[in-house]
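Reader: I am new to this structure and would like to go through it step by step. Could we begin with a pair of helices?

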Amino acid sequence: MDLLNTLVDKGLRRELPTREEALAVLATSDDELLDVVAAAGKVRRQWFGRRVKLNYLVNLKSGLCPEDCSYCSQRLGSKAEILKYTWLKPDEASQAAAAGVAGGAKRVCLVASGRGPTDRDVERVGKTIEAIKEQNEGVEVCACLGLLSDGQAERLKDAGADAYNHNLNTSEATYGQITKTHTYADRVDTVQKAHAAGLSACSGLIAGMGESDEDLVDVVYSLRELDSDSVPVNFLIPFEGTPLAKEWNLTPQRCLRILAMVRFVCPDVEVRIAGGREVHLRSMQPLALNIANSIFLGDYLTSEGQAGQADLDMIADAGFEVEGAGTTTLPAHRADALAAARSAAAQGPCGSSAAEAGCGSACGGCSGHGHEAVAAQASAPEPAAVPQPAQAPAGEVRSDLVAVRRRGAGTDLAPNA
Ligand code: SF4
């Protein structure tokens, strides 16, 4: 297929495909799907080999958000029966993180609900980062605290954060239909602040919210332009009690095409399968590892994922390997560029040290991974089996397909890691 040969050639050269080529990937037939996966797999292996990076979510603060992101179970007015709690203490968060690291996670993602952090929140998260790094040598920490004010990204970096996540979620044209309390431009601004501070930018999307193919291509092109090092691809988990509860629009085949399109447009970045992996890819999850090089281990922010051991077994069974702490995730050219950006940020505009700090949140926590090892909780129940829908029909609430997180952070039960 000429299209796929062209896309592989471009991906190996880090050349941007045309919009028509990206759209054509989304329009391929089921008969062509394995060829699409194989082509995206060639690009994936060029830049990331057969490694899978594991990330672990710690939901520092859950629910009661004043923002109105339609996809989010933590939004203003959400009726979703999720866990609600305020900030975890640094030692609680650190214990949660340790469970993920023990399970094989290389990066810990610290997420808090809310529009953005106050300076006090930034200070609190800074202490949490210090506690995690002290307890887990070599672990990467990414903060996801919402919209950042001036100086907060720098303060997070000074506290030891390696990365900052803030998703664009959908195209600029449709953003206003998804969220009214902040804008697409606000989100772009925060990703740029993280970049400028020398943090590795993590920014991705949510598919399945009723968007068009053009919207998906638009947001992925914007992510390439923002030069995010990692791109989480969320598949909407339609939580009962949220405005998008009936949006069951995805099939496993559609998810694979979306992941492949992201890989072709952003060939050398960490493509991470994020929330909704189990619910929408279902038995096709191992196939998706041929395209994406990163997943979350265990549970999400407010919903449960498959058992952490099942994640590890899946990776091994599919012939991939968990990326070790001593391996640099990004290809050399990207790792070098990030190191140069860090160095430039440290110099500051006039050669002075760029101090300041702060952090905030608005994470795209549609299905966020969240975990936690709340202190010495004894035995947790066996991880619940994640529902395996045959085919969820659009237009219906399917609470039976969404397992709300009831263990880990914010509970007395051990996490799933
Ligand atoms: S995505 Fe973040 S900012 Fe939006 S409602 Fe959820 S927690 Fe709040």
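Author: The model is a predicted one. In it, helix α9 (residues 213-226) and helix α10 (residues 252-265) pack together, and their crossing is right-handed.

Reader: At what angle do α9 and α10 pack, and how far apart are their axes?

Author: The angle is about 35 degrees, and the axes lie 10 Å apart.

Reader: Which residues make the contact?

Author: On the α9 side they are L216, V220, Y221 and R224. From α10 come I258, M261, V262 and V265.

Reader: And how many of these are nonpolar, polar or charged?

Author: Seven are nonpolar and one is charged, while no polar residue takes part.

Reader: Let me change topic to strand β1. Is it mostly covered or exposed, and how many of its residues are buried?

Author: Strand β1, residues 51-61, is mostly covered, with ten of its eleven residues buried.

Reader: How does it pair with β2?

Author: β1 and strand β2 (residues 107-112) run in the parallel sense and share six bridges. Within that pairing, N59 has V111 of β2 as its bridge partner.

Reader: What does the chain pass through on the way from β1 to β2?

Author: The chain goes through helix α4, residues 90-102, and this β-α-β crossover is right-handed.

Reader: What about β9 and β11?

Author: Strand β9 (residues 294-296) pairs with β1 in the parallel sense over three bridges, and F296 of β9 is the bridge partner of N55. Strand β11 (residues 321-322) also pairs with β1 in the parallel sense, over two bridges. There, R51 stands opposite E321.

Reader: Why does K193 count as buried?

Author: K193 counts as buried because it has 22 C-beta neighbours inside 10 Å, and the cut-off for a buried residue is 20 or more.

Reader: Which residues does K193 touch?

Author: Leaving aside residues up to four places away in sequence, K193 touches L148 and A153.

Reader: Finally, how many helices and strands does the whole chain have?

Author: The protein chain has 14 helices and eleven strands. Of its 417 residues, 56% are buried. Among contacts with a separation of 6 or more, 82% join residues 24 or more positions apart.

How values were computed
Residues are numbered from 1 along each chain as its sequence is written. This is a predicted model: local features need pLDDT of at least 70, side-chain atom pairs count only at pLDDT 80 or more; totals for chains, interfaces and linings use all residues. A residue is buried if 20 or more other C-beta atoms lie within 10 Å of its own, exposed if 12 or fewer, and partly exposed in between; C-beta atoms are placed from the backbone. Helices (H or I, at least four residues) and strands (E, at least two) are DSSP runs, numbered from the N terminus. Two strands pair if DSSP finds at least two bridges between them. A crossover is right-handed if, with the strands pointing away from the viewer, the path from the first strand over the helix to the second runs clockwise. Two residues are in contact if their C-beta atoms, placed from the backbone, lie within 7 Å. Axes are lines fitted to C-alpha atoms, for helices over the stretch in contact, and angles run from 0 to 180 degrees between N-to-C directions. A crossing is left-handed if the near helix is turned anticlockwise from the far one by less than a right angle, and right-handed if clockwise. Ala, Val, Leu, Ile, Met, Phe, Trp, Tyr, Cys and Pro count as nonpolar, Asp, Glu, Lys and Arg as charged, and the others, Gly among them, as polar.
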